[in-house]
Amino acid sequence: FRRQASAASLKQFETVLHTAAALEVARLQRVAIETPLGQPLGIKPDSWFVTSTQRIDQMSTVEHALAANVAELANQALQHAKRALWLTLTGTLAAVLLAGLFSWRIIRTIGGAVRDINAVLASLAERDLTARTRYRSQDEFGDIADNLNRMAHEITDIIQEIGHATA
């Protein structure tokens, strides 16, 4: 208690310990401890009861002050935890939204590349040797598009060579 309590709580506690009732209870406790078992204490029970009750009442005020202090500290900790929770939720939501935005952008880019390349492949399958992809990029889909265009050009050249050889 002495290491963790606030200065005001310690002062209040020390003040209560130095009241007449507290000092008398401490004296009565020493008498009770020092008196051999079975020997009379020489203390009137009514006096003991009244003095002890006064000390209990005084310690009760310290206890109530400490309880209020603990409640305030708990409330502060609760408010801090709520702020931390909201910051965490906001940060998580922002991260999820950014991840979603990046995912949507990547999926859209990949989808566009696949549709363009697939359309050229379908045209080539229908014997349209003039079909070329317009997709340009420095990624793997860009390489596929470039190779598809080069393949279509090579097939066109081979068809023309065969046509000239048979003509």
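Predicted model: local features only at pLDDT ≥ 70, side-chain atom pairs only at ≥ 80, totals over all residues.
Two packed helices are described by the angle between their axes and the distance between the axes. In the pairing of helix 2, which spans residues 20-34, with helix 3, the axes lie 8 Å apart and the angle is about 125 degrees. Because angles of 65 to 115 degrees count as roughly perpendicular and those over 145 as roughly antiparallel, helix 2 and helix 3 are oblique to each other. Helix 2 passes helix 3 in a left-handed crossing, and the contact brings A21, A22, E24, V25, L28 and Q29 of helix 2 against W48, T51, S52, Q54, R55 and Q58 of helix 3. The residues of this contact comprise 5 nonpolar, 5 polar and 2 charged.

For helix 3 and helix 4, the axes come within 10 Å and cross at roughly 15 degrees, an arrangement that makes helix 3 roughly parallel to helix 4. The crossing is again described as left-handed. From helix 3, the residues I110, A113, V114, I117, V120, L121 and L124 meet F141, I144, A145, L148, M151 and A152 of helix 4, and this contact consists of 13 nonpolar residues, with no polar and no charged ones.

The largest nonpolar core of the model contains 9 residues, namely A113, I117, V120, L124, A131, Y135, A145, L148 and A152. Two or more of these residues come from each of helix 3 (45-125) and helix 4 (140-166), with helix 3 giving the most, 4 residues.

Terms used:
Residues numbered from 1 in each chain as written. Heavy atoms only, no water. Core = buried A, V, L, I, M, F, W, Y, C linked by side-chain atoms within 4.5 Å. Buried < 20%, exposed > 50% of the residue type's maximum accessible area, 1.4 Å probe, protein only. Axes fitted to C-alpha atoms, helices over the stretch in contact; angles between N-to-C directions. Parallel < 35°, antiparallel > 145°, perpendicular 65-115°, else oblique. Left-handed = near helix turned anticlockwise from the far one by under 90°. Contact = heavy atoms within 4.5 Å. Nonpolar A, V, L, I, M, F, W, Y, C, P; charged D, E, K, R; others polar.
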